[in-house]
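Work through the exercises below with the sequence and the model side by side, and try each task before reading its solution.

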Amino acid sequence: MSDGTGDPVPATKPGWLTAANVVSLARLAATPFSVVAVLDANWRLAGMIFAGAVASDFLDGIIARWRNTVSNLGGVLDHTADAVFVAVTLWGIAYLEVGTGTDVVPGILPWFIVLAFLQYLFDSKALSGQPLRTSWLGRVNGIAYYVVAGTVIGRNALGIDWLPDEAIYWAALAVVVSTLVSMFDRLRALTKPRTD
C-alpha cells in the first residue's frame, strides 16, 4: 500500500475496538441475560441468547481474519467471552436444578471452567501480550462446555426429553474429568524443562 507518492505506508496495528472484538464483547454482554433467562426457566429466550452466543463465537474469528485485525487482545477477549458466558450459564442451570431436585449439570463444572480458563490465561502469559498457548484437549473441552449447556437449554426450549437427565449428567462429569486432565497436562508442559 502507498500514500499516493509511491512511498509505502507503514502497517498500523488495529485498535482494540475492532468489529471482531465488538462481536466478542456482545457475547460477554449477553451473559447476564442468559443466566437470568435460565434462572427464570424462560428456556426459549435462553435458547435464542445461546444461539446468538454460538453464532458470535463463530463470527468473531472470521471477521478478524477477513478484516485483517487478528490480535493477541482479540484472542484473549474471545476466550474470555467464551469462558464467562458458558461458565455463568452452566452455573445458572446447576443452581436452578438445586431448587427443582434434578441433577443434570454437576455444580462443580462451572468452577472448573473458570479455573481452567485462568490457568490458560496465566500460563500463556497472555496478559503480557504473548499469544495464547492452545491445546487440542483444551479446544475440545471448550466445545464440550457449549454442547452441555446447549443440550440442556435446547431440550428445555423445545420441550422434548430426547436425552435422559442421567446421560447428560454423566457426559458433563466426563467433561469435568477431561478438564482436569487438560489442566494437569498444561501444568506438566509448563514445568517441563525447555530443550531449545
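**Exercise 1.** Which residues in helix 2 meet which residues in helix 5?

*Solution.* The model is a predicted one, and the two elements to find in it are helix 2, residues 43-66, and helix 5, residues 136-158. On the side of helix 2 the contact is made by Trp43, Arg44, Ala46, Gly47, Phe50, Val54 and Asp57, while helix 5 brings Tyr146, Ala149, Gly150, Ile153, Asn156 and Ala157. Sorted by class, this contact holds eight nonpolar, three polar and two charged residues. As for the geometry, the helices pack at an angle of about 145° with their axes 8 Å apart, and the crossing is left-handed.

**Exercise 2.** Describe the aromatic pair of Phe50 and Tyr146.

*Solution.* A pair of aromatic rings is described by the distance of the centres and the angle of the planes. For Phe50 and Tyr146 the centres are 5.9 Å apart and the planes stand at 55°, so the pair is tilted. Phe50 belongs to helix 2 and Tyr146 to helix 5, 96 residues apart, and the pair thus links distant parts of the chain.

**Exercise 3.** Which residues are the closest to the centre of the largest pocket?

*Solution.* The largest pocket holds about 1000 Å³ of space, and of its 42 lining residues the closest to the centre are Asp57, Asp78, His79, Asp82 and Tyr120. By class, the lining divides into 18 nonpolar, 17 polar and seven charged residues.

Notes:
Residues numbered from 1 in each chain as written. Predicted model: local features only at pLDDT ≥ 70, side-chain atom pairs only at ≥ 80, totals over all residues. Heavy atoms only, no water. Axes fitted to C-alpha atoms, helices over the stretch in contact; angles between N-to-C directions. Helix = DSSP H or I, 4+ residues; strand = E, 2+ residues; numbered from the N terminus. Left-handed = near helix turned anticlockwise from the far one by under 90°. Contact = heavy atoms within 4.5 Å. Nonpolar A, V, L, I, M, F, W, Y, C, P; charged D, E, K, R; others polar. 1 Å grid on protein atoms, 1.4 Å probe; cavity = no way out; pocket = protein on both sides within 12 Å on 5 of 7 lines; lining within 4 Å. Points joined across faces, edges and corners; volume = space filled by probe spheres on them. Phe/Tyr/Trp six-rings, centres within 6.5 Å; stacked < 30°, edge-to-face > 60°.
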